[in-house]
Amino acid sequence: MKNLLKFSFVLCLSVFLFSCSSDDDNSSKANQLTFDGKTYTLKTAGVDYFGEQEGIHNHDISIITSSTDAAGQNPTDEIFSMIYFETFSDSKDLKKGKYTFSDTEQAGTFSEFSSIVINYNNTNEEAESESMITSGELNIIDANTFEVSFKGIAGGKEFSGYYKGKTFYFDENDEPVAFSPNKLHK
């Protein structure tokens, strides 16, 4: 009987450890945007705080396929792609949680001005395409490390993606600074 109990314990422990290890695989996600069947590697993000109006705070999130200058203001690649979300919340601090597409400016939503831009040429300021997002969700997994995932429809085509990494924060009253958890959460 003791051997059967030991075997059962070892079997349960093995199943538990195997189950836990698959959860850890989420950390190996690639920083990428998939749009219309093509994949783009994402390198840098920016969060612009545009203030509050009637209790609703506006944060614009841009995630691009280029590195930027030290201030985070200018892409270093001449041609780059990006995904952009105009988000609304009830807090000046960028909050974790799900934001869904909406044509109204309510907390927990992103606007109809959100879009995906493919192969924007920084020299002539033209893009191969710009597709407005018409449905979907943005999930801010962690505002401190700036980890997000997203999916939806833009221009009638599916998109999805994930980003965790270098992020710049801009405030209408401050100079931009390199990403800092204390800057996002005061």
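Modeller: A salt bridge is a side-chain nitrogen of Lys or Arg within 4 Å of a carboxyl oxygen of Asp or Glu. Please keep in mind that this is a predicted model.

Colleague: Which residue forms a salt bridge with Lys98, and how far apart are the closest N and O atoms?

Modeller: The partner of Lys98 is Glu137, and their closest N and O atoms are 3.6 Å apart. Because Glu137 lies in strand β9 (residues 126–142) and Lys98 in strand β6, the pair ties together parts that are 39 residues apart in sequence.

Colleague: Are those two buried or exposed?

Modeller: Glu137 is partly exposed, at 21% relative accessibility. Lys98 has a relative accessible area of 53%, so this residue counts as exposed.

Colleague: How many salt bridges does a search of the whole structure find?

Modeller: The search finds four. One of them joins the side chains of Lys157 and Asp36, at 3.7 Å from N to O. This pair links distant parts of the chain: Lys157 is in strand β11 (residues 157–164), while Asp36 is in the loop between β1 (32–35) and β2 (38–41), 121 residues apart. Lys157 is partly exposed at 36% relative accessibility, and Asp36 is partly exposed at 44%.

Colleague: Which residue does Asp171 meet in a salt bridge?

Modeller: The side chain of Asp171 meets that of Lys92, with 3.3 Å from N to O. Asp171 lies in strand β12 and Lys92 in the loop between β5 and β6 (97–101), so the pair ties together parts that are 79 residues apart in sequence.

Colleague: And where do they stand on exposure?

Modeller: Asp171 is buried, with a relative accessible area of 6%, whereas Lys92 is partly exposed at 32%.

Colleague: Let us change topic. What does the secondary structure come to?

Modeller: The protein has two helices and 13 strands. Of its 186 residues, 38% are buried.

Colleague: How covered is strand β5?

Modeller: Strand β5 (residues 79–89) is mostly covered, with 10 of its 11 residues buried.

Colleague: Which strands pair with β5?

Modeller: Strand β4 (residues 56–64) runs antiparallel to β5 and is joined to it by eight bridges; here Ile61 stands opposite Phe85. Strand β8 (residues 115–121) is also antiparallel to β5, with five bridges, and Asn121 in β8 is the bridge partner of Ile79. Strand β7 (residues 109–110) pairs with β5 in the antiparallel sense over two bridges, where Phe88 has Thr109 as its bridge partner.

Colleague: Could we look at one residue of β5 in detail? Why does Ser81 count as buried?

Modeller: Ser81, which lies in strand β5, counts as buried because its relative accessibility is 2%, and buried means under 20%.

Colleague: What does the side chain of Ser81 reach at 2.9 Å?

Modeller: That side chain reaches the backbone nitrogen of Asn119. Beyond its neighbours within four places in sequence, Ser81 is in contact with several residues, including Tyr40, Ile63 and Val117. Ser81 and Val117 are 36 residues apart along the chain, and their C-alpha atoms are separated by 5.5 Å.

Colleague: Finally, in which strand is Thr167 found, and what lies 2.8 Å from its side chain?

Modeller: Thr167 is found in strand β12 (residues 167–171). The backbone oxygen of Gly165 lies 2.8 Å from a polar atom of the Thr167 side chain. Thr167 is buried, with a relative accessible area of 1%.

Definitions and conventions. Residues are numbered from 1 along each chain as its sequence is written. This is a predicted model: local features need pLDDT of at least 70, side-chain atom pairs count only at pLDDT 80 or more; totals for chains, interfaces and linings use all residues. Side-chain values use heavy atoms; hydrogens and water are left out. Helices (H or I, at least four residues) and strands (E, at least two) are DSSP runs, numbered from the N terminus. Buried means under 20% relative accessible area, exposed over 50%, partly exposed in between (1.4 Å probe, protein chains only). Two strands pair if DSSP finds at least two bridges between them. A polar contact is a pair of N or O atoms within 3.5 Å; within protein, one must be able to donate a hydrogen and the other to accept it, and residues adjacent in sequence count only if both atoms are side-chain atoms. Contact means heavy atoms within 4.5 Å.
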